[in-house]
Amino acid sequence: MLKTKIEVKDFNFFYGDQHALKDVNLNICKNKVLGIIGPSGCGKSTFLRNINRMNDTIAGTRASGTMLIDGQNIFAENMDVVELRRRVGMVFQKSNPFPKSIFDNVAYGLRVNGRKDKEYVEHKVEESLKGAALWEEVKDRLQASAFDLSGGQQQRLCIARALAIEPEVLLMDEPASALDPTATAKIEELIQELKKKYTIVIVTHNMQQAARISDYTAFFMLGELVEYNETQKIFTNPEKEITEEYITGRFG
Amino acid sequence: MNKKMITEQLGFWTLRLCVGLVGLILLLILFDIVSKGIGTISWRFLTQPPKNGMTEGGIFPAIVGTFFVTILTAVLAVPLGMGCAIYLNEYADDNIFTRIIRMSIRNLSGVPSIVYGLFGVVLFVQMMRIGTCLLASGLTLGLMTLPWTITASEEALKNVPQSYRDGALALGATKWQAIKTNVLPYSISGMLTGTILGLARAAGETAPILFTGAAFFLPFLPKSLFEQFMALPYHLYIMATQHHAIETVRPIAYATALVLIVLICSMNMFAVVLRYKLRKRKKE
């Protein structure tokens, strides 16, 4: 029996007058990977950034409808956004390590959440770097600047950073779009490993990638959720013609 | 074919000429002041008050006065300016109201210093009854420096990539935590540099202190914030234009100018070194 982690009901989102998401309904299952696909500007990233309310940082935005995490409304007035973001980690499209050492990057989330105990932090940094399959490559230079790492390593560092605060959900906004095939493969492999512990929502432009790594796929177009199903069904036998056209590359 | 090359060379040399001309003018001014002022400078000149109707002695009270008033300026302008900049850039929404505030601040930095001086007289000396004193001058200079500090600090904050803020917020940091640990450390060098440059400008100003606290001549140093003080720029103005034996004191005027220039240059140099040091630390 699949457990629902996030439940989205009649969700609408606006950037000023622009209606970016229209009546979206879907359930995100626990410990599964949800891939979100769709043409540029269809609302994929907007949807993703609503789950941890990162869109709050943009002025003039508005949301309606409900989005529940474990039954708790993400948009409720009494929602502690800071705590929500601790529970819902995020990896950005462009890897954004902080100009600090590798160690301090991973420890950042722990420290801002009040975990200052040195032993715990050291243990957690190691565990997170291992979790992000980066430990072997950096264990001898934890004090080196994060900027010294390669692009793929930086992105894995950002994943490690997100893992350190033990989130329940991991949001990934095209995490491999700026990486070479080898680095991409590593990230994809990592995602398979991570879904044992986390619920993962990943936005991707790459059809093969969505087919490879996700258990469920949601296809967005013009702010609407066109089709949502098990990945296998979407890619072999989509219900709607437009989904098939997009997947087979006839437009997009 | 050749026409292109000629235009290129012509443009190049015109620009070179501009730079050369500006450099030459600066050098001439510096040479004039240094050559005529250096002879008067001595340890006694720097450490003694003026004597014999200011025709002899040194400029010690003016150096101390300028030092004190600049510190007062910093006490007012640095925390307030940085605070304003952080609020405007990090917290405030971008709406008509904040845009008007921002535009006003930009415009204030262009207001002539004499206007600040007169404003200081009305507000601090008369309305608040502080009297003409060190404090009134410090407050006036502080007000004058604020727009500079705010603008420079805001620019420094703008240079910090948005991804540092988003990344911190996404990890469960509060807004202030994100600012404190992921924005300020990377903007502080720019903020300080801009602030010190603003202070250096304030240290050389005459108009704002003219009516608010600077004294023509004082044989002693101010003992509290509520006493008048001597200051280098005002002393220079008097020695150069208001003294009864103007030819006699000319070397003193030149030497005062030299001390003032050295003081301001060292403040600017300090700003540059500080920025360099902080940048280096940031990279590590």
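Helices and strands in this talk are DSSP runs, helices being H or I over at least four residues and strands being E over at least two, numbered from the N terminus. A:Gly71 sits in the loop between strand E4 (61–69) and strand E5 (72–73) of chain A. Before I go on, this is a predicted model, in which local features need pLDDT of at least 70, side-chain atom pairs count only at pLDDT 80 or more, and totals for chains, interfaces and linings use all residues. Residues are numbered from 1 along each chain as its sequence is written, and chains are lettered from A and ligands numbered from 1 in the order in which they are written.

Back to A:Gly71. Is A:Gly71 buried or exposed? A residue is buried if 20 or more other C-beta atoms, placed from the backbone, lie within 10 Å of its own, exposed if 12 or fewer, and partly exposed in between. A:Gly71 has 7 C-beta neighbours inside 10 Å, so A:Gly71 counts as exposed.

Next, the strands of chain A. Two strands pair if DSSP finds at least two bridges between them. Strand E1 (residues 4–15) and strand E2 (residues 18–29) of chain A pair in the antiparallel sense over eight bridges. A:Phe11 has A:Val24 in E2(A) as its bridge partner. These two strands, E1(A) and E2(A), form a hairpin with two residues between them, and A:Gly16 in the turn has a positive phi of about 60°. E1(A) also pairs with E4(A), in the antiparallel sense and over eight bridges.

Now chain B. How many helices and strands does chain B have? There are 12 helices and two strands. From the N terminus on, the order is α-α-β-β-α-α-α-α-α-α-α-α-α-α. The C-alpha trace of chain B spans about 70 × 70 × 40 Å along its principal axes. Of its 284 residues, 41% count as buried.

Two helix pairs in chain B are next. The axes here are lines fitted to C-alpha atoms over the stretch in contact, and angles run from 0 to 180 degrees between N-to-C directions. Helix H4 (residues 96–108) and helix H6 (residues 134–158) of chain B cross at roughly 125°, with axes that come within 8 Å. H4(B) and H6(B) are therefore oblique to each other; angles under 35 degrees count as roughly parallel, over 145 as roughly antiparallel, 65 to 115 as roughly perpendicular and the rest as oblique. B:Ile105, B:Arg106 and B:Leu108 in H4(B) meet B:Pro147, B:Ile150 and B:Thr151 in H6(B).

The second pair is H7(B) and H8(B), packed at an angle of about 130° with axes 9 Å apart. H7(B) and H8(B) are therefore oblique to each other too. Among the residues making this contact are B:Tyr164 of H7(B) and B:Gln177 of H8(B).

Last, where the chains touch. Two residues are in contact if their C-beta atoms, placed from the backbone, lie within 7 Å. The contact takes 18 residues from chain B and 20 residues from chain A. On the side of chain B, the elements giving two or more residues are helix H7 (162–170) and helix H8 (175–182). H7(B) gives the most, with seven residues.
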